[in-house]
Amino acid sequence: MLGTALRGLGDLAAAESTLLQAVASEPRLRAAWRTLADVQFRRGDWAQAEAALASLLGLMPGDTEALFARGIVALKRDQVDSAEQWFAQASARDARLPERRFALGQDAFRTKDMATAAIHFHACMQARPDWAEPVLMLGACMMQRSNFQAAAELGRKASMLAPDDIRAVELELFALENQTAHGPRTLALRERLAGANPASAEHQFLHALSAARMGLYAESHAALDRALAADPGHLPARWSSFVTPDAHYHIDDAAIARFLARWDEGCAYFEALDLDAMDLSPDAAERLLLAQANYYLAYTGIDVTDRQRRLGGVFDRIAARFMRGLRLPEAPRPRGTRLRIGFLTPVLRRHTVMKLFAELFLRLPRDRFEVFAYALELGDDAVTADVRARCDGFRPVSPTLLATAQQIADDQCDALVYLD
């Protein structure tokens, strides 16, 4: 009883010493062994906790709590197979144990122990195959571990188990997008999220981007119209609305004229914006810069130089806001005999741009040039690995555009080439 009281006061060392005296005096005292195991568990002394639980199970072979605790201790000691055997024995005596393992998984997830969390959630899936919650949580573990393919598969499985649970849609979608898998499935998921959030300009905008990537410009414009109806001040949607054409190809001069009229109106809107009065944050500025490329203006087949200059002025103003946190080197990099050339692209992987231009920079004579490559988007495959191995400096994608800019500033290249 004194040992139990000391445990309650938080004096675990004294509690352990006192409880050891108790079991030495009376080895059959089951409550003492149970409390001793708990104290040793709290102290993180897994070997001693295992020994105390073994003594308790010697007195009470079918004790569910002791069996369950031995499973937890075995996991703490990285004895995964042994842990599952103890958990299985406990589960055979108490059907509620999957819920308790789910709680353990959540605790491990909160403490960033994704390996342990995944073990518990996987066990819950096996115990109750129709339960969507552990599937979702295991998918979240896979996202944290950057196993996006597994996360996408788990998201789809969760959707089948809980068709109305929008979290399953989000899990699969975010996993696919982290694999840069922009295709019909991604578009269908984006459309479903937009449908579930009709008043959200953001969801409508992201649906529009997904449709534009698929070349479905009519669907993209319809989603952009919904986004602007929900929030006329949604700048990324307004931006995409004027730089996105009505179709991949302009079928006649009238179509070109309509596109140019919308382009001029949209560009004028951004030229007139007072960015300081709007208090545009650096994050919002970055997002606007990345909303949609001005890719299709040249498809009109006319001289677009003046329009490009106008848009360049808008970019300069937005970038000035976005770059406020940029730190420039205090002193120039010492110049040697080689020029340092940086090559940037969002598609530093298997892609047409790399097929056309990779060898152009990878074969530069290294007695004259240092070659640096900058990835501007996620994606890693055999092409990426080849570039990584053959460059003097390889910079993977940064979490923000500002971080990318800072990396470039720190590297102090003599020239930058945007491959696209």
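**Entry 1**

I looked up Arg7 and found a relative accessible area of 21%, so Arg7 is partly exposed. That figure sits just past the cut-off, because buried means under 20%. I keep in mind that this is a predicted model.

Which residue does Arg7 pair with in a salt bridge? I found Asp38, with the closest N and O atoms 3.0 Å apart. Arg7 belongs to helix H1 (residues 2–9) and Asp38 to helix H3 (residues 30–42), so this pair ties together parts that are 31 residues apart in sequence. Asp38 is partly exposed too, at 25% relative accessibility.

I noted the general idea beside this. Side chains of opposite charge can pair when their charged atoms come close.

How many salt bridges does the structure hold? I wrote down 35. I then picked out a few.

Glu65 and Arg100 meet through their side chains, at 2.7 Å from N to O. Glu65 lies in helix H5 (residues 64–76) and Arg100 in helix H7 (residues 97–110), so the pair ties together parts 35 residues apart in sequence. I checked how open each one is. Glu65 has 39% relative accessibility and counts as partly exposed. Arg100 has 30% and also counts as partly exposed.

Next I took Glu172, which forms a salt bridge with Arg156. Their closest N and O atoms are 3.2 Å apart. Glu172 is in helix H11 (residues 166–178) and Arg156 is in helix H10, so parts 16 residues apart in sequence are tied together. Is Glu172 buried or exposed? Its relative accessible area is 2%, so Glu172 is buried. Arg156, in contrast, is partly exposed at 40%.

I also found a network of salt bridges. It links Arg333, Arg338, Arg340, Arg366, Glu370, Asp392 and Asp414.

**Entry 1: two helices that cross**

I reminded myself how such a pair is described. Two packed helices are described by the angle between their axes and the distance between the axes.

I looked at helix H14 (residues 217–230) and helix H15 (residues 235–243). Their axes come within 9 Å and cross at roughly 145°. The crossing of H14 and H15 is left-handed. Which residues make the contact? From H14 I listed His221, Leu224, Ala227 and Leu228. From H15 I listed Ala237, Arg238, Ser240 and Ser241.

**Entry 2: a tyrosine patch**

On the surface I found a nonpolar patch formed by Tyr249, Tyr295 and Tyr299. Together they have about 390 Å² of accessible area. I followed up one of them, Tyr299. Where is Tyr299 found? I traced Tyr299 to the loop between helix H18 (282–289) and helix H19 (305–322). Tyr299 has a relative accessible area of 35%, so Tyr299 is partly exposed.

**Entry 3: positive phi values**

I began with the general rule. Most residues other than glycine have a negative phi.

I then looked up Ser146, whose phi is near 60°, a positive value in a residue other than glycine. Ser146 lies in the loop between helix H9 (132–144) and helix H10 (148–161). At 49% relative accessibility, Ser146 counts as partly exposed. The cut-off matters here, because exposed means over 50%.

Gln412 also has a positive phi, near 50°. I placed Gln412 in the loop between helix H22 (401–411) and strand S4 (415–418).

Definitions and conventions:
Residues are numbered from 1 along each chain as its sequence is written. This is a predicted model: local features need pLDDT of at least 70, side-chain atom pairs count only at pLDDT 80 or more; totals for chains, interfaces and linings use all residues. Side-chain values use heavy atoms; hydrogens and water are left out. Helices (H or I, at least four residues) and strands (E, at least two) are DSSP runs, numbered from the N terminus. Buried means under 20% relative accessible area, exposed over 50%, partly exposed in between (1.4 Å probe, protein chains only). Patches are made of residues with over 30% relative accessible area and no salt bridge: like charges are joined within 9 Å, nonpolar side chains (Val, Leu, Ile, Met, Phe, Trp, Tyr) within 5 Å. Accessible areas come from the Shrake-Rupley method with a 1.4 Å probe; for residues, only the protein chains shown count as cover. A salt bridge is a side-chain nitrogen of Lys or Arg within 4 Å of a carboxyl oxygen of Asp or Glu. Axes are lines fitted to C-alpha atoms, for helices over the stretch in contact, and angles run from 0 to 180 degrees between N-to-C directions. A crossing is left-handed if the near helix is turned anticlockwise from the far one by less than a right angle, and right-handed if clockwise. Contact means heavy atoms within 4.5 Å.
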